[in-house]
Amino acid sequence: APAAVGAARWSPDGFRVAYATADGMLRVVAGDGSGDRPLAAALPAVPAWRPGRPHTLAYVSRDGRVVVRDVDGPAAREAGRSPGGTRALSWSAGGWRLAALSPDRIRVLRMDGRRRTTTLRAGRGARFTAAAYAPAGPPLLARVRRSRGRSTVIAGGQVFSTRSRIPGLAWSVDGRWLMLDARDAGQLIAVRVAGAPRILSYPGGRLDGWSP
């Protein structure tokens, strides 16, 4: 890479990698290392590949627009405005909703032609630290809300609460488990969302995702 890499994500089919560099560029390279090229100037929010459209990528442009683009062609379109301080994007399983996470709110952009936006607010004295759509089934957005020294994980209803700070979460591929990054407690915490409740903990590290 031409500069330090801040985030990298595989396309769903494994033939492209999108990565952000420290100089504020979003780049794309083929899975075999060929064709490395700049795509756009972008903010550091982690880019997100659209499910079902293996080479369509969402990212946040320098002027705060959420852009959806086919990386193999020139076509790009604005999906909406991102909240200030957007740090992550997440697609719903069907690719029809896109969540843009910032500390004080999550904007959910509809991509089915209705151009409707829903805003979830963290509330006074609270902030969101992580959010991600389940990779299967109906659109279910898990989010972590931090308030008064506690982190609460919400996925439909409340599923977990802890005093640890949770800066990241990841769904299992079947949507049955959430893995939580409780880094300051030195743990990874797995919470079963579907089926009988269960919580497991593992010695800490940095959460990067589940094996497919």
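This is a predicted model: local features need pLDDT of at least 70, side-chain atom pairs count only at pLDDT 80 or more; totals for chains, interfaces and linings use all residues.
Residues are numbered from 1 along each chain as its sequence is written, and side-chain values use heavy atoms, with hydrogens and water left out.

The secondary structure comprises zero helices and 20 strands, where helices (H or I, at least four residues) and strands (E, at least two) are DSSP runs numbered from the N terminus. In strand E18, residues 177-182, six of six residues are buried, buried being under 20% relative accessible area with a 1.4 Å probe and protein chains only. Trp 177, Met 179 and Asp 181 point one way from E18, whereas Leu 178, Leu 180 and Ala 182 point the other way.

E18 runs antiparallel to E17 and also to E19; two strands pair if DSSP finds at least two bridges between them.

| Partner of E18 | Bridges | Residues between the strands | Turn glycine and phi |
|---|---|---|---|
| E19 (residues 187-192) | six | four | Gly 186, positive, about 70° |

Within these pairings, Trp 171 stands opposite Leu 178, and Leu 180 has Ile 189 as its bridge partner in E19.

Of the 212 residues of the protein, 47% count as buried, and the C-alpha atoms fill a box of roughly 45 × 35 × 30 Å along the principal axes.

Conventions: Buried means under 20% relative accessible area, exposed over 50%, partly exposed in between (1.4 Å probe, protein chains only).
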